[in-house]
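Visitor: I would like to learn how to read a model like this one. Where do we start?

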Amino acid sequence: MELLELMKTRRSIRKYQDRQISREDMETIIEAGTWAPNAGGGQRSIIVGVRNAELADRIGRLNVARFDRSMLSGSFVSTDQPSVIDDPTMKSGFYGAPAVCVVFAMKNFLYSIPDAFCCAENMVLMASELGISSCVVARGEETFDNEIGAALLREWNIPETYIARCFVLLGYCEGEYPRPKPRKAHRAIIVE
Ligand SMILES: Cc1cc2nc3c(=O)[nH]c(=O)nc-3n(C[C@H](O)[C@H](O)[C@H](O)COP(=O)(O)O)c2cc1C
């Protein structure tokens with residue numbers, strides 16, 4: 001698909017089928033993440049792909065366990081694809097996605113967060129090109145800040161100098177594919 005068209009078509013999906021994505025597709029999506037722009041060319045981010053629906057759900061529950069609603073600047077995301085912001089009764093921040101990629105970045109590095117989200121953006125675009133639905137999810141930091149989370153980081157050999165910054169949910173959209181919101185006007189100028 002032409003790139004701008006792909007960007008316009010990609011939506012954050014929060015209702016997933018049970019169908020798992022292939023290992024090959026996950027590898028391609030992770031590869032796209034590793035080609036993201038990265039501060040100073042340091043290639044510091046680490047991506048862990050979880051292609052296991054049960055484990056993804058367990059991590060998704062940790063993701064909302066300590067969700068602090070007091071910091072939200074609005075309280076409505078989407079009618080088509082309600083989020084944990086819209087519905088506080090949701091038990092998993094991963095919405096039943098059968099696969100998830102965790103993007104880690106160095107704890108004490110100035111561009112740690114932008115590095116991670118640049119990876120995530122490349123990954124969701126790659127997923128769209130492969131016909132796979134996705135959603136970027138935040139709150140990586142608190143998700144693993146508990147005993148179960150710490151055990152997973154040890155199992156995955158994540159260095160202690162690293163922290164989870166965000167997630168890329170992956171799977172196939174359940175139900176109708178959401179409509180795009182029109183773009184707000186007056187958000188850009190070009191100065192010659
Ligand atoms: C930095 C960032 C954090 C996000 N965190 C979450 C999140 O925690 N949970 C969620 O459901 N969606 C999350 N999203 C997805 C946004 O809600 C979504 O991109 C936005 O509503 C626009 O919808 P669209 O992606 O379908 O165009 C996040 C997106 C970004 C860029």
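Visitor: How many of the ten residues of S4 are buried?

Guide: Keep in mind that this is a predicted model. Count neighbours: a residue is buried if 20 or more other C-beta atoms lie within 10 Å of its own. In S4, nine of the ten residues are buried, so the strand is mostly covered.

Visitor: Which way do S2 and S4 run, parallel or antiparallel?

Guide: They run antiparallel, joined by eight bridges. Cys101 has Val168 of S4 as its bridge partner. S3 also pairs with S4 in the antiparallel sense, over five bridges. There, Val136 has Val168 as its partner.

Visitor: Which residues have the most contacts inside the largest nonpolar core?

Guide: Val100, Cys101, Val103, Met123, Val168, Leu169 and Leu170 do, in a core of 42 residues. H2, S1, H3, S2, H4, S3 and S4 each supply at least two residues of this core. Take Val103 as a case. Leaving aside residues up to four places away in sequence, Val103 touches Ala116, Cys119 and Ala120, among others. Its contacts also include Ile47, Cys166 and Val168.

Visitor: How far apart are the end C-alpha atoms of H4, and what span should its 18 residues have?

Guide: The ends are 27 Å apart. At 1.5 Å a residue, the helix should span 26 Å, so the two values agree. Now look at its buried residues, which include Asp115, Asn122 and Met123. The buried residues of H4 pack against H2, S1, S2, S3 and S4. After H4 comes Gly131, with a positive phi near 80 degrees.

Visitor: Is Tyr95 buried or exposed?

Guide: Tyr95 counts as buried because it has 22 C-beta neighbours inside 10 Å. Asn157 has 8 such neighbours, so Asn157 counts as exposed.

Visitor: Which strand gives the largest share of the shell around the ligand?

Guide: S3 does, with three residues. The residues around the ligand include Arg11, Arg14, Phe117, Cys135, Val136, Val137 and Arg139. By type, the shell divides into six nonpolar, three polar and three charged residues.

Key. Residues numbered from 1 in each chain as written. Predicted model: local features only at pLDDT ≥ 70, side-chain atom pairs only at ≥ 80, totals over all residues. Near = placed C-beta within 6 Å. Helix = DSSP H or I, 4+ residues; strand = E, 2+ residues; numbered from the N terminus. Nonpolar A, V, L, I, M, F, W, Y, C, P; charged D, E, K, R; others polar. Core = buried A, V, L, I, M, F, W, Y, C linked by C-beta atoms within 7 Å. Buried ≥ 20, exposed ≤ 12 C-beta atoms within 10 Å, placed from the backbone. Contact = placed C-beta atoms within 7 Å. Expected span 1.5 Å × (residues − 1). Pairing = 2+ DSSP bridges.
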